[in-house]
Amino acid sequence: MFTMIQLKQLQLPFSHAALLLMLAAVVGVGQAGSQNTPQQQVCPEQGDISPCICTVKKNGLDILCETTDLAHITKSMGTLKGKSPIIFYLKLRHNNLPKLQGFVFLALDIRHLTIHNSSLATIEENALSSLGTGLTQLDVSLNQMKTVPSQALQHLFHLLILNLNHNKITVIHNNAFEGLGTLEILTLYENRITQIDPEAFRGLEGKLKRLNLGGNDLSRVPQKSLSILDTLKKLEIQENKIRSIIEGDFEGLVNLDSLILAHNMITTVPANVFIHLTQLNSLELEGNKISVIDKDAFKGLEENLQYLRLGDNQIHAIPSEALRPLHRLRHLDLRNNNINVLADDAFTGFGDSLTFLNLQKNDIKVLPSVLFENLNSLETLNLQNNKLQRIPQDIMEPVIDTLRIIDITDNPLNCSCELTWFPKLLEDLKNKDDEMSQKKKPLCHMSLDNREYFVQAMPTEKMHCAGLNIIVNP
Ligand SMILES: *[C@@H]1O[C@H](CO)[C@@H](O)[C@H](O)[C@H]1NC(C)=O
Ligand SMILES: *[C@@H]1O[C@H](CO)[C@@H](O)[C@H](O)[C@H]1NC(C)=O
């Protein structure tokens, strides 16, 4: 079988690509080869592979090496060479591996490689190149890398998932991922990225489906670099320092399904900013400083947007005009804003498909009598922590048959016969055997005896709520 010395001799007269092809042929790692003989894999003796631990899994060996160093790992890997097993998982965690040397994994068929929390700062150019035919997942998270190890990655031509989370990368250079033409998921969460060059993702167009740039130091959307990613479905840029988004920022992302811009410093959602995202289903903008939403802010999203999260912002009123064209909208979250007044027509013209409405933690004092008139599909309503003294039955009437979850706790409610719809609704939900996920019980204040009661247990006789015939469940 193959040895290091033989390969080193081979290396000189051949190009790198030729070398890899030969290697693949000799070791028998090619995809076709590995598919037609599903052999039972066998672990080496525990004594031989120590300090690593080997277990046999359905698709190959699962090898775990923790709190050790390169010398021990190299020795353990040595016991596997020449046996050509499929190593389905090789997990190296909490080790001392500042540098991954060339050819450490030579002659090994590794499908999923993890090098996690191991002080890894340098991956030599040839450290991974022999894995090109088999490796589909590479996780080098929680290490010390300051740049994308482009040279080491460029021969991983079957890679599907690359995880570079929790490193110290500051800049993504042009062509950083060149050669990774099969990559579908790239995640760079919690690095220190301030700059992404215009051609940074060149080579990933046509396949990349998910990109996570969250937890970095970007001050704007890296528009140029993103614009080629026409297959991208999910883009995460949460927890950065983006202060403004502008028209054109998302141009080219024609297949984007989910955009996460939460926890940035955005103050305004300007007209047409999402106009290119006609396939977008979910938009998360919570935890910004949004106070202004242009009436054309959501233009382009009319046909597909179903989930819109605007919680933890500084919005003063339901942005009804901007929302009205979103006739597929199902889920609207406006929790923890500064909404104090609701217009009569706040939900008119777009409420039809709404199933989830969260208005928790605002300053709403009064619900207009026609507020819920259009919300024919509403199942979840959260009014917790507002300033409501009354929630009369006639306001709730349009939604009472569809509601499954309601939260009206933490409001200064007055006990009153007009609130008896609430215990009735709870009883109904219980009869429908529905999981009433809301376990908290709302309180109301009764001026008659200056006491607090659970709304479910209001003394309706004392209150003369005659003829209302409610079932009271203390
Ligand atoms: C990282 O590894 C070190 C040992 O090298 C360990 O003490 C530490 O708890 C690990 N950290 C995490 C987050 O796993
Ligand atoms: C609620 O009760 C208080 C006194 O207990 C009263 O001053 C207030 O007007 C009542 N609010 C409404 C909306 O009825």
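**A walk through the model**

I start with one pair of residues: M446 has R451 as its bridge partner in β25. A second pair in that region is H445, which stands opposite E452 in β25. Keep in mind throughout that this is a predicted model.

These pairs belong to the contact between two strands. β24 and β25, the latter covering residues 451-454, pair in the antiparallel sense over four bridges. The two strands make a hairpin with four residues between them, and in that hairpin N450 has a positive phi near 55°.

Now the other neighbour of β24. Strand β23, residues 413-414, pairs with β24, residues 443-446, in the parallel sense over two bridges. Here L413 has C444 as its bridge partner in β24.

Put together, this gives an open sheet of three strands, ordered β23-β24-β25, with mixed pairing. β23 and β25 are the edge strands, each pairing on one side only. As background, strands of a sheet pair through backbone hydrogen bonds, either parallel or antiparallel.

Next, a ligand. Which residues surround ligand 2? They are Q389, R390, N414 and S447. One of them, N414, falls within the range of β23, residues 413-414. Sorted by class, the shell around ligand 2 holds three polar residues, one charged residue and no nonpolar ones.

Let me step back to the whole chain. It has 474 residues, and 37% of them are buried. The secondary structure comes to ten helices and 25 strands.

The largest nonpolar core has 116 residues, and the members that touch the most others in it are L229 and L419. What does L229 touch, once residues up to four places away in sequence are set aside? The answer is F201, L204, E205, L208, L211, G252 and L253.

One helix deserves a mention here. Helix α10 spans residues 421-431, and W421, F422 and P423 in that helix are buried. The cover over the buried residues of α10 includes α9, residues 393-396.

Is E66 buried or partly exposed? E66 counts as partly exposed because 15 other C-beta atoms lie within 10 Å, and a buried residue would need 20 or more. Apart from neighbours within four places in sequence, E66 is in contact with R93, H94 and N95. E66 and C52 are 14 residues apart along the chain, and their C-alpha atoms are separated by 7.0 Å.

That brings me to some backbone details. Most residues other than glycine have a negative phi, and most peptide bonds are trans. This chain has some exceptions to show.

The peptide bond between S50 and P51 is cis, with omega about 10°. P51 is in the loop between α4, residues 46-49, and β1, residues 53-57.

H166, which is not a glycine, has a positive phi near 55°. Its place is the loop between β8, residues 161-163, and β9, residues 171-172. H166 counts as partly exposed because it has 18 C-beta neighbours inside 10 Å.

D410 also has a positive phi, near 60°, and is a residue other than glycine. With 17 C-beta neighbours inside 10 Å, D410 counts as partly exposed.

Last, how far the prediction can be read. The mean pLDDT of the chain is 89, and 88% of the residues reach 70 or more. Where does pLDDT stay under 50? One such stretch is residues 1-37, for which the model has 30 contacts beyond four places in sequence. Another is residues 470-474, with 15 contacts beyond four places in sequence.

That is what I have. Questions are welcome.

Notes:
Residues are numbered from 1 along each chain as its sequence is written. Chains are lettered from A and ligands numbered from 1 in the order in which they are written. This is a predicted model: local features need pLDDT of at least 70, side-chain atom pairs count only at pLDDT 80 or more; totals for chains, interfaces and linings use all residues. A residue is near a molecule or strand if its C-beta atom, placed from the backbone, lies within 6 Å of it. Ala, Val, Leu, Ile, Met, Phe, Trp, Tyr, Cys and Pro count as nonpolar, Asp, Glu, Lys and Arg as charged, and the others, Gly among them, as polar. A residue is buried if 20 or more other C-beta atoms lie within 10 Å of its own, exposed if 12 or fewer, and partly exposed in between; C-beta atoms are placed from the backbone. Two strands pair if DSSP finds at least two bridges between them. A nonpolar core is a set of buried Ala, Val, Leu, Ile, Met, Phe, Trp, Tyr and Cys residues joined through C-beta atoms within 7 Å. Two residues are in contact if their C-beta atoms, placed from the backbone, lie within 7 Å. pLDDT is the predictor's confidence in each residue, from 0 to 100.
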